[in-house]
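This briefing goes through one protein chain by topic. It begins with the surface and overall form and then turns to single residues.

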Amino acid sequence: MNEIRVGILGLGTIGLGAARILIEQQTLMARRLGKTLRLVTAADRNVNRDFGLDLSGVRLTDDANDVVTADDVDLVIELIGGYEPARTFVATALEHGKHVVTANKALIAKHGEELFPLAEKHGVAIAFEAAVGGGIPCLKALREGLASNSVESVYGILNGTCNFILTKMENEGADYADVLKEAQALGYAEADPSFDVEGIDTAHKLSILASMSFGSKINFDDVFTEGISKISAADISAVAELGYRIKLLGIAKPHTIDGEKKVEMRVHPTLVPLSAQLAQVSDSYNAVMISGDFVEHTVYTGRGAGERPTASAVIADVMDIARIADGGVKYLAPPMGYVSSERQDLKTLPMSDVQSEYYLRFMVKDESGVIAAISAVLADHQISLEAVLQKERHATHAVPVIMLTHGTTEGNLQAAMSRIITLPSVQEDVLILRKESFGV
Ligand code: HSE
């Protein structure tokens with residue numbers, strides 16, 4: 001098979017990027033592959049518009065079923081996004097013996113466990129590098145480059161929109177809503193931007209990384225998820241004064257508790273020391289830090305969103321599949337990096353058992369004994385303090401008091417906090433952020 005015939009579902013930002021690469025990079029890719037990738041057909045809701053790309057010779061249709069059932073298509077690229085109808089089209093393509101490449105993290109996180117066996121049953125490949133980290137080939141690195149390691153931890157800045165917003169809020173004092181609009185205009189944001197800012201997109205990606213790291217089934221619904229929408233410019237500058245930067249992190253770690261393996265998975269705004277590598281990752285850049293027992297720390301970084309970087313990862317998958325599509329050498333790793341019979345149903349570690357350090361911001365009446373009263377409750381729960389900072393003085397208004405704690409469990413911290421907010425001088429408006437030191 002000297003030619004792999006490709007169909008695309010969805011000519012949005014990433015779909016057009018993928019079409020552009022297939023057309024503009026055809027010669028380069030043919031030299032690398034020893035075969036040609038040809039864009040045969042594409043489906044989009046509105047095919048009568050100016051795509052800004054010469055699509056003559058490409059059969060355009062507004063019915064995705066035409067693409068997933070077409071006799072002259074070997075491989076379908078799904079770039080519709082979201083759960084449905086993407087799931088139905090991908091399943092139909094697999095059932096029709098077509099390989100599938102997708103950038104759809106929501107689809108893989110939620111329905112991957114149905115789609116992997118379907119692909120296996122029909123003897124075709126399913127690949128999704130672009131689903132995590134945009135243009136960074138981090139899944140390939142994890143699945144193949146680190147395959148001899150037990151993975152010890154995964155830390156990721158996995159959402160370009162949030163990283164872009166946090167960076168602009170810090171550097172330019174920009175308003176949250178304005179920066180979100182800018183990220184949308186640049187093609188970073190999801191169709192529903194709450195998926196970005198509420199951490200859901202990061203949770204989709206983290207659940208895929210965790211599963212690939214630990215050989216567990218994907219458990220997206222179990223990921224503890226908090227977004228960045230409650231973070232104010234004042235929080236960002238208070239954190240900076242303490243030597244930290246706020247990043248929306250996805251964190252996954254394996255645990256063995258009483259002989260049972262469990263997986264910790266959480267997404268939340270996190271204080272990262274300014275000297276840590278992840279603190280230097282700004283704008284729409286993503287980064288994934290994976291630590292393995294032999295390799296130690298590895299960090300992968302690059303553009304996590306946008307047309308060209310994401311399409312780059314999509315087409316790398318297409319090329320990998322093209323190499324094996326004629327039944328040649330079978331060196332494609334299984335989609336989740338473990339043979340299917342070895343993938344386990346591991347439980348998720350309850351959030352109350354997760355260990356973290358904390359940044360606590362209270363609004364308190366500026367009167368004597370308040371800090372002592374809060375500290376007394378924390379001490380009662382064996383929570384030790386690293387730093388205390390009162391930001392302002394005011395006779396009548398509440399003022400912010402910030403505390404950094406050493407490590408404790410989430411359950412213990414929450415128990416202490418439920419007592420602290422009943423103290424007469426402490427208002428209900430409390431901000432709890434988790435903090436990671438990375439040994440810094
Ligand atoms: N909305 C996503 C982001 C796109 O902002 O990172 C890439 O998955």
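Accessible areas come from the Shrake-Rupley method with a 1.4 Å probe, and for residues only the protein chains shown count as cover. On that basis the protein chain exposes about 18,400 Å², and carbon and sulfur atoms supply 48% of this area. The model is predicted: local features need pLDDT of at least 70, side-chain atom pairs count only at pLDDT 80 or more, and totals for chains, interfaces and linings use all residues. Residues are numbered from 1 along each chain as its sequence is written, and side-chain values use heavy atoms, with hydrogens and water left out.

**Overall form**

- The protein chain has 14 helices and 18 strands; helices (H or I, at least four residues) and strands (E, at least two) are DSSP runs, numbered from the N terminus.
- The radius of gyration is 24 Å, close to the 22 Å that the globule rule gives for 440 residues, so the protein chain is as compact as a globular protein of that length. The radius is taken over C-alpha atoms, and the rule is 2.2 Å times the number of residues to the power 0.38.
- The C-alpha trace spans about 80 × 50 × 35 Å along its principal axes.
- Of the 440 residues, 53% count as buried. Buried means under 20% relative accessible area, exposed over 50%, and partly exposed in between (1.4 Å probe, protein chains only).
- Among contacts (heavy atoms within 4.5 Å) between residues at least 6 apart in sequence, 73% join residues at least 24 apart.

**Charges**

- The mean positions of the 40 positive and 58 negative charges are 3 Å apart.
- Lys and Arg count as positive and Asp and Glu as negative, while His and the chain ends are not counted. The place of a charge is taken as NZ of Lys, CZ of Arg, CG of Asp or CD of Glu.

**Cysteines**

- The structure holds zero disulfides, a disulfide being a pair of cysteine sulfur atoms within 2.5 Å.
- C138 is in no disulfide, and the nearest cysteine sulfur, that of C162, is 17 Å away. C138 counts as buried at 0% relative accessibility.
- For C162, the closest cysteine sulfur is that of C138, at 17 Å, which is too far for a bond. C162 is buried as well, with a relative accessible area of 1%.

- Q25 lies in the loop between α1 (13-24) and α2 (26-33) and is partly exposed, with a relative accessible area of 35%.
- Q25 and H204 are 179 residues apart in sequence, and their C-alpha atoms are 30 Å apart in space.
- T61 belongs to strand β3 (residues 59-61) and is buried, its relative accessible area being 10%.
- T61 and A43 are 18 residues apart along the chain, with 4.8 Å between their C-alpha atoms. Leaving out residues up to four places away in sequence, T61 touches T41, A42, A43, D44, V47, D66 and V67.

**Backbone geometry**

- E84 and P85 are joined by a cis peptide bond, with omega about 5°. P85 is in the loop between β4 (75-78) and α4 (86-95).
- D258 is not a glycine, yet it has a positive phi of about 50°. D258 sits in the loop between β9 (244-257) and β10 (260-273) and is exposed, with a relative accessible area of 82%.
- D283, also a residue other than glycine, has a positive phi near 50°. D283 is in the loop between β10 and β11 (285-292) and counts as partly exposed at 30% relative accessibility.
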